Amino acid sequence: MVHLSRVRKCPQPHHEHRAVNQVDGSLESPYVYASRFASEELPEHAMAEREMPADVAYRMIKDELSLDGNPLLNLASFVTTYMEEPAERLMSDAMSKNFIDFEQYPQTAHIQNRCVNMIAELLHAPTTNNDAGDQDAIGTSTVGSSEAIMLAMLAMKKRWQNRRKAEGKDWTRPNIVMNSAVQVCWEKAARYFDVEEKYVYCTEDRYVIDPKAAVDLVDENTVGICAIMGTTYTGQYEDVKAINDLLMNKNIDCPIHVDAASGGFVVPFVNPSLAWDFRLEKVVSINVSGHKYGLVYPGVGWVFWRAPEYLPQELIFNINYLGAEQASFTLNFSKGAPHVIGQYYQLIRLGKHGYKSIMLNLIRTADYLADELRKLGFIIMSDDGGRGLPLVAFRLKADDDRLYDEFALAHVLRRRGWVIPAYTMAPHSNNLKMMRIVLREDFSFHRCNLLIEDIKMSMKSLEEMDESMIQKYTHYMEVHGGKVPPNHPYYKNEKHSLQGKTGKSHQVC
Ligand SMILES: *Cc1c(COP(=O)(O)O)cnc(C)c1O
């Protein structure tokens, strides 16, 4: 069926003075906003028959994208929003290179290997001698931590299965032990690869994994324990050493994978003496997001293994691609080269001193922000003093007289452009509502003070509202993206049926 109604045009009575297109009889102008394209809907369901001039296509898309949020004001995400101009130039120069084509782009492949070695050294990875006598770490670039975690999960599962098969035991029911506050990619990996999820639940006042509870959950089908540096909810670091020591003392043969998506580029510079990485014997693999505190635009991630024995050979494909032998352990084949190149730029441009200075600035600003929020009456849920990621997780004090909640505050802040998410804490923590501000490289002390002023102003304007206005706000929030948590009183009104559709709280990234 043809939906004629889809082609919506503005009524235009004054077309007489314009040139008529010889092909389709439409009115033409070389000036973008005087052309017919400015008075027509853009193609959405089917491609147009004819071309559109490049400057028109560019302008139309650019204009539409201005409705997206401003990345600089997006304090919801860990993902990099600032890179220096020379890095951007290098990356756009490499845009047309396919990363996987090692033979055609051998220097890009070498650059990846250098990144693997340099980052692995930060994580104290043991090195092995390769054929050329060089020291090489075992790892690979990925699109992000999600792909990295899927690869690590597959390696742990395969290794466990191989051992079980060799012992003549059942190898069909693998499980993994992790915190209920894991990032969603762990649930994905577990389901995609048929690994049962065994959770240690958070409580109202503990948001990190309980090491003893984790080790107690381990059984003969456990492929590994996941520990997080640090969690997406509160940024706190999990006690990897306690898990490691318990496994060692009890002589339990179970590996640990550390999800250091954010912490991998923070802890080595802020808490160099904290042992959480390959210095711990039971840690067999670690993932890091290059596009978080690795300071590269999305998407690039990294995954490392302690030794070849933790990366079963059958997962590595030696492919002959366009004449060159190459080893590959990835979920996809083709991908862009710019992000690996961007990572190498940051590593050599900043050096350890540069990364350390950036991370210490962020920790100082985060501590200051936490102090200021405390003064405003908030309860701080994250750790300060660099004992967690440079973020501030906080919530309002319980107060029956207050009409507004964290979700309303998030919404009012949005009016100024700040994106600061409100969400409910991981399952079993009494549905605590909370907010989170992630500090990234571009969040200077000055911008922090501007934000604090806006938080004060937003609270003041909410305090001045009466109940009916607050209700209007709640309604508005529901309409704009399902941001109301499933347990919100809003849903007591039967007309609103979102509950049950989502069930799960707003996912944070
Ligand atoms: C961001 C994050 C992930 C997912 O990483 P991507 O790089 O976005 O795929 C996984 N785990 C943790 C702890 C994270 O913070």
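Colleague: Why is cysteine 185 called buried?

Modeller: This is a predicted model. In it, cysteine 185 has a relative accessible area of 4%. Buried means under 20%, so cysteine 185 counts as buried.

Colleague: How do you know that cysteine 185 is too far from cysteine 226 for a bond?

Modeller: Cysteine 226 holds the closest cysteine sulfur, and that sulfur is 8.5 Å away. A disulfide needs the sulfur atoms within 2.5 Å. So the two are too far apart for a bond. Cysteine 226 is in no disulfide. The search of the whole structure finds 0.

Colleague: What makes cysteine 226 count as buried?

Modeller: Its relative accessibility is 0%. The cut-off is under 20%, so cysteine 226 is buried.

Colleague: Why is the pair of tyrosine 368 and phenylalanine 445 called tilted?

Modeller: The ring centres are 4.6 Å apart, with 50° between the planes. Pairing needs centres within 6.5 Å. Planes under 30 degrees apart would be stacked, and over 60 edge-to-face.

Colleague: Why is phenylalanine 445 called partly exposed?

Modeller: Its relative accessible area is 45%. Buried is under 20% and exposed over 50%. The value falls in between, so phenylalanine 445 is partly exposed.

Colleague: How do you know that the charged end of lysine 165 sits over the ring of tryptophan 171?

Modeller: The charged end is 4.0 Å from the ring centre. The distance cut-off is within 6 Å, and the charge must also lie within 35 degrees of the ring normal. Lysine 165 is listed as sitting over the ring.

Technical notes: Residues numbered from 1 in each chain as written. Predicted model: local features only at pLDDT ≥ 70, side-chain atom pairs only at ≥ 80, totals over all residues. Heavy atoms only, no water. Buried < 20%, exposed > 50% of the residue type's maximum accessible area, 1.4 Å probe, protein only. Phe/Tyr/Trp six-rings, centres within 6.5 Å; stacked < 30°, edge-to-face > 60°.
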